[in-house]
Amino acid sequence: MTQGRARGRAPDARAREAAEGFPVLPGGFRFGTSTAAYQIEGGATEGGRGPSIWDTFTAEPGRVVDGATGAVACDHFHRVEEDVELMRRLGVEGYRFSIAWPRIQPTGKGEVNAEGLAFYDRLVDTLLDNGIQPMVTLYHWDLPQALEDDGGWLNRATTDHFQEYAAIVGGALADRVEHWIPVNEPNVVTMLGYGNGTHAPGKTLMFEALPVAHHLLLGHGKAAIALRQAGATSVGCANNHAPMWPATDKDADVGATKLFDALWNALFAEPMLFGRYPADLAEIMDMYTHEGDMATIRQPLDFYGVNYYNPHKIGMAAEDAELPWEQLEVLGYPTTDFGWPVVPDGLRELLILMRARYRAALPPIYITESGCSYGMGPDADGVVDDQPRIDYLDSHLRAVAEAVAQGVDVRGYYTWSLLDNFEWAEGFTQRFGLVHVDYDTLVRTPKKSFEWYAAMVAANRVTRR
């Protein structure tokens, strides 16, 4: 039936695509862009904001490649109107951003910082005044340092504080925010923040980080409840997912791939969608699960957010390795300046795989992040010619269109990112933005990819008339 409806729209879509050369997505498809608070806001000591784990982490020598911090970042805290105007020019209909927990509750609990809440209240109104619908992420990795001092996400009590925080923000903004995401990429927080220490808070617990996964999922569920009680009508998630490719068809490599797939993908999707942990991990995760937890985690989702960057190639590790798998280079594809392979068909593969795995339990999908790092800056004429980013966006949007044509219900694509920004442990060395940011002057320069994305959005609007 879906394919039949797609064929019914095809003549107009094909005509427009032939004229403009852009990917064409169905009517009602949402085009947006994404950012995260610590990566763009700055104002780290202003407006009553308390310290986060990323303030602490970046202050430790050697944690960030170039020694940078998010203390100023893109200075979005002082440039909201300028950045929303960029989005208006871009023509996007949605903007996904995160709220800095320590800007709302400086210690992660207790008294609300009214000045911090007012900042986001103004941002939401400014977006709406410009025809842009907000998609709000409550936790994009900037845990208040005071909560980390009490154990962070290893401490079950953090889930209760998170629920309180969600109720505060929901109470203030749920009347105007279209979509809500409690936690961004809980797998990345677990593995990079608490497992191998490359992200804040820098713990190296390996498999002993698994309680963090459970508490992030539990926090997600508790926050979803609080948001709905505050009047939120659309609550989803933003999970980082990837196709898993075994290095060979040998049993050892296939087995290692299956384990990593369970840890990276299923450990977070299955509890949210099925209310259970994947079979290969259930016995371990039961150690951290209290009665009623899985029902709390399995809150109804109005949408499922997928963050996609590239497939993972997995092989069996050596016997003396710390972990039973190793991640191998995905060869045969172009790479970004970050060294990540550009595999748009991996996104189509992932979307079809998710529909096959989760079937009726899978709500409509939004691509809540997908983007690439290329370091081009302005030339002598002030032009940022980032053709590889245009090629990336074009090919990935076509991959989404192919998945839709095969029956996957995808409702939107939020590209990462609006602005070049502070890229976590990579500091300012990687540039993901549609807009170039000079980190000395903070001048914004829209790149050629910005103009392409704007033209693509406009062309898709024409096909819907």
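When I say that residues meet, I mean contact, that is, heavy atoms within 4.5 Å. Bear in mind that this is a predicted model.

With that, take helix α9, residues 186–195, and helix α11, residues 251–274. From α9, Pro 186, Asn 187, Val 188, Thr 190 and Met 191 meet Phe 260, Leu 263, Trp 264 and Phe 268 of α11. By class, the residues of that contact are 7 nonpolar, 2 polar and no charged. The axes are 9 Å apart and the packing angle is about 135 degrees. Angles over 145 would count as roughly antiparallel, so α9 and α11 are oblique to each other.

Next, the sheet. α11 also lies across β6, β8 and β9, at about 130 degrees to β8. These strands form an open sheet in the order β6-β8-β9, with mixed pairing. Which strands stand at the edges? They are β6, 244–246, and β9, 325–328; each has a single partner strand, so one side of each lacks a neighbour in the sheet. On average, neighbouring strands here are turned by 40 degrees against each other, direction ignored. β8, residues 312–316, runs antiparallel to β9, and 4 bridges join them.

Last, the cores. The largest nonpolar core has 135 residues, and Trp 180 is among the six that touch the most other members, along with Tyr 120, Tyr 139, Tyr 304, Val 400 and Tyr 453. Beyond its neighbours within four places in sequence, the contacts of Trp 180 include Val 136, Leu 173, Leu 227 and Phe 303. Apart from that core lies another, of 6 residues, including Met 135, Ala 238, Phe 303 and Tyr 414.

Key: Residues are numbered from 1 along each chain as its sequence is written. This is a predicted model: local features need pLDDT of at least 70, side-chain atom pairs count only at pLDDT 80 or more; totals for chains, interfaces and linings use all residues. Side-chain values use heavy atoms; hydrogens and water are left out. Axes are lines fitted to C-alpha atoms, for helices over the stretch in contact, and angles run from 0 to 180 degrees between N-to-C directions. Helices (H or I, at least four residues) and strands (E, at least two) are DSSP runs, numbered from the N terminus. Angles under 35 degrees count as roughly parallel, over 145 as roughly antiparallel, 65 to 115 as roughly perpendicular and the rest as oblique. Ala, Val, Leu, Ile, Met, Phe, Trp, Tyr, Cys and Pro count as nonpolar, Asp, Glu, Lys and Arg as charged, and the others, Gly among them, as polar. A nonpolar core is a set of buried Ala, Val, Leu, Ile, Met, Phe, Trp, Tyr and Cys residues joined through side-chain atoms within 4.5 Å. Buried means under 20% relative accessible area, exposed over 50%, partly exposed in between (1.4 Å probe, protein chains only). Two strands pair if DSSP finds at least two bridges between them.
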